[in-house]
Amino acid sequence: MTVSFNTIPADNRVPLFYAEMDNSAANTAQDSAPSLLIGMALPESDMPLNQLVIMPSKDLAKKMAGRGSQLARMVEAYRQVDPFGELWVIAVPDNGEAATGTITITGTATDAGTVNLYVGTRKVQVTVATGDTGDQVSQAMLSIINNNPDLPVSAEYQTTSAGESQGTVILSAVNSGAVGNTIPLTLNYYGTASGEEIPVGLSIQIGKMSGGAGDADLSATIAAMGDEPFDYIGLPFNDPSSLQMMAVEMNDSSGRWSYIRQLYGHVYTAKTGSLSDLVAYGDTFNYQHITIAGYETEVQTSVDELVGYRLARAAVFLRIDPARPTQTGELTGALPAPTGKRFTITEQQSLLTHGIATAYTESGVLRIQRDITTYKTNAYGVVDNSYLDSETLHTSAYVLRRLKSVITSKYGRHKLANDGTRFGPGQAIVTPAVIRGELGSTYRQLEREGIVENFDLFQKYLIVERNANDPNRLDVLFPPDYVNQLRVFAVLNQFRLQYNEEAA
């Protein structure tokens, strides 16, 4: 007998027809590439802490984590860009000090109008009648804020010695921690061209959110991730301790990218600041599995929501094609920094040189410019661009999973023999040459998909051999040449005022 069966016995004497199923050559499935968001729920919510919860909709996130909570807002931002993909969440404990800000309104309105306060991307609009005092407008604003549970802040009224001519609203982040300091407050974001201006007679002063302190302890959160695969991990906490813990979880020797776990994935976070702040911050990290997106201090979107938007955009693009660049991807719903307060191209170049991913604004729309990692140097401190772009990591995960699928589906219970062994057709035996051919065929498929290139050189450097000390082991040097991304298109415009026909 040369055909290797899995279940039909060789000594069966009972007639007549027997059939067994073999799906080893039929597997064409791809991983769902799920996303994971980590964030704080409201302290009084029913959301279980440090547990994985699948999150199909923003409405469920609001119900479980609490409206206005960090986690609910991140899910809402994510679902604005990716309404279809598989999303999981982990709620972390809310602890530390909550950030606060102030809105002080002074004077008496001499004309009717509206006060347009933007808390992140959400607008709080207060209608003002002629003769309304600062105290009355403040009271109205207080009521509107506290009647909008989707805001990341709650409000209290503070009396002043100025009487009815002045009122102050104190805003407090509904979740504690340093991330509350990144909730942007601004008046009239769209400006007078859009009819947004302070009513005549009123003066409004904004005290930015500050005083938030305390960072989440991710020990139990990372334990809750277990061995579940997540290709896209969104982290709103950008403190060095949190990123170092995530780097350990993702590492190549014992973490999610190790040979023993093979879970893969990439961490995305964000930070706002000046150019010098972000450059100094980027220089402190050298992690190939973490991308830190840098935004201007004046960006009108909180850091946690920026993480949700960007994670979703990366997931939507890279699930379709892991080798295609995410550049130009729209962060649907995010509000960029105002004109004149955005990073210039020179500043963006500096950020990208120091391990900070960048964004840009086109016609009022915030878009991904380049998703680089924080990896800059090798173990000897020498400049190394091998892990510069996050797409390289996602492509690597895609290729490794394809190889694993092929080998485990087709050769999971095969015997191993040397090349030249004269076994019968249909036998469940492989040789190094058979595996070499399989890898070549898989590489051709990946080449047609636009994942790799240079098949002939791949074949030249591919090594498949039996281990010298373990006859049950095949050792493979798999040398793929990943396709690259079109990042720069340079043109030398060598113009003429008139072509000289004689020179032709």
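**View 1. Helices H9 and H10 pack against each other at an angle of about 135° in this predicted model.** H9 covers residues 390-411 and H10 covers residues 432-448, and their axes lie 11 Å apart. Axes here are lines fitted to C-alpha atoms, for helices over the stretch in contact, with angles running from 0 to 180 degrees between N-to-C directions. Helices (H or I, at least four residues) and strands (E, at least two) are DSSP runs, numbered from the N terminus. H9 and H10 are therefore oblique to each other; angles under 35 degrees count as roughly parallel, over 145 as roughly antiparallel, 65 to 115 as roughly perpendicular and the rest as oblique. The crossing of H9 with H10 is right-handed, meaning that the near helix is turned clockwise from the far one by less than a right angle. On the H9 side, the residues that meet H10 include Tyr-398, Leu-403 and Tyr-411, and among their counterparts in H10 are Val-434, Glu-438 and Leu-446. Sorted by type, the residues of this contact are 10 nonpolar, two polar and three charged. Ala, Val, Leu, Ile, Met, Phe, Trp, Tyr, Cys and Pro count as nonpolar, Asp, Glu, Lys and Arg as charged, and the others, Gly among them, as polar. Contact means heavy atoms within 4.5 Å.

A word on the model: it is predicted, so local features need pLDDT of at least 70 and side-chain atom pairs count only at pLDDT 80 or more, while totals for chains, interfaces and linings use all residues. Residues are numbered from 1 along each chain as its sequence is written, and side-chain values use heavy atoms, with hydrogens and water left out.

**View 2. Helices H2 and H7 cross at roughly 35°.** The axes of H2 (residues 70-81) and H7 (residues 303-320) come within 7 Å, and this crossing is right-handed.

**View 3. An open antiparallel sheet of four strands runs in the order S7-S8-S4-S10.** Two strands pair if DSSP finds at least two bridges between them. S7 (153-158) and S10 (202-210) are the edge strands, each with a single partner, so one side of each has no neighbour in the sheet. On average, neighbouring strands of this sheet are turned by 20° against each other, direction ignored. Further in, S4 (residues 100-107) and S8 (residues 166-173) run antiparallel and share seven bridges, with Thr-102 opposite Ile-170 in S8. Helix H3 (residues 134-146) lies across S4, S7, S8 and S10, at about 155° to S7.

**View 4. Three antiparallel strands make an open sheet in the order S6-S5-S9.** S6 (122-128) and S9 (185-187) sit at the edges, each pairing on one side only. The twist from one strand to the next averages 20°. S5 (residues 113-119) is joined to S9 by three bridges, and Val-119 has Leu-185 as its bridge partner in S9.

**View 5. Strands S14 and S15 form a hairpin.** S14 (residues 358-362) pairs with S15 (residues 365-370) in the antiparallel sense over five bridges, and Ala-359 stands opposite Ile-368 in S15. Two residues lie between the strands, and Ser-363 in the turn has a positive phi of about 55°.
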